[in-house]
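Visitor: I am new to this structure. Please take one part of it and show me that part closely, along with whatever surrounds it.

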Amino acid sequence: MRQLTPEELAARKKRNLAIAGALVAFMVIVFGVTILNLKRNIDARAEAVAAGEPVGYAK
């Protein structure tokens, strides 16, 4: 196994940081979409209850 040059080590570190940043961004997007869907479902349930419609498994 050969020793990496300082330039190769710097490139590896930069690449790893870019991958980590992309992974964190993906996690934030998935979390945000999940929260928005939960809020939408809660709002739809509240509207159904206010309209007197059965909610949940009672349909």
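Guide: What follows is a close look at the helix, its charged pairs and the chain around it. Keep in mind that the model is predicted.

Start with the count. The chain has one helix and zero strands. That helix is H1, covering residues 6–51. How far apart are the end C-alpha atoms of H1? They are 67 Å apart. The helix has 46 residues, and at 1.5 Å a residue they should span 68 Å, so the two values agree.

The C-alpha atoms of the chain fill a box of roughly 70 × 20 × 5 Å along the principal axes. The radius of gyration is 24 Å, whereas a compact globule of 59 residues would have one near 10 Å. How much of the chain is buried? Of the 59 residues, 2% count as buried. The chain exposes about 5600 Å². Carbon and sulfur atoms supply 68% of that area.

Next, the charged pairs. A search of the whole structure finds two salt bridges. One of them joins Asp43 and Lys39, at 3.0 Å from N to O. Both residues lie in H1, four residues apart, which is about one turn of the helix.

Arg2 is exposed, because its relative accessible area is 56% and the cut-off for exposed is over 50%. Glu8 falls below that cut-off and counts as partly exposed, at 29%.

Stay with H1 for one more lysine. Lys14 is found in this helix. It is exposed, with 63% relative accessibility. From Lys14, look along to Glu53. The two are 39 residues apart in sequence. In space, their C-alpha atoms are 55 Å apart.

What comes just after H1? There, Gly52 takes a positive phi of about 80°.

Last, step back to the charges of the chain. There are 9 positive and 5 negative charges. Their mean positions are 8 Å apart.

Methods
Residues numbered from 1 in each chain as written. Predicted model: local features only at pLDDT ≥ 70, side-chain atom pairs only at ≥ 80, totals over all residues. Heavy atoms only, no water. Salt bridge = Lys/Arg side-chain N within 4 Å of Asp/Glu carboxyl O. Buried < 20%, exposed > 50% of the residue type's maximum accessible area, 1.4 Å probe, protein only. Helix = DSSP H or I, 4+ residues; strand = E, 2+ residues; numbered from the N terminus. Rg over C-alpha atoms; globule rule 2.2 N^0.38 Å. Areas by Shrake-Rupley, 256 points an atom, 1.4 Å probe, with all protein chains shown as cover. Lys, Arg positive; Asp, Glu negative; His and termini not counted. Charge placed at Lys NZ, Arg CZ, Asp CG, Glu CD. Expected span 1.5 Å × (residues − 1).
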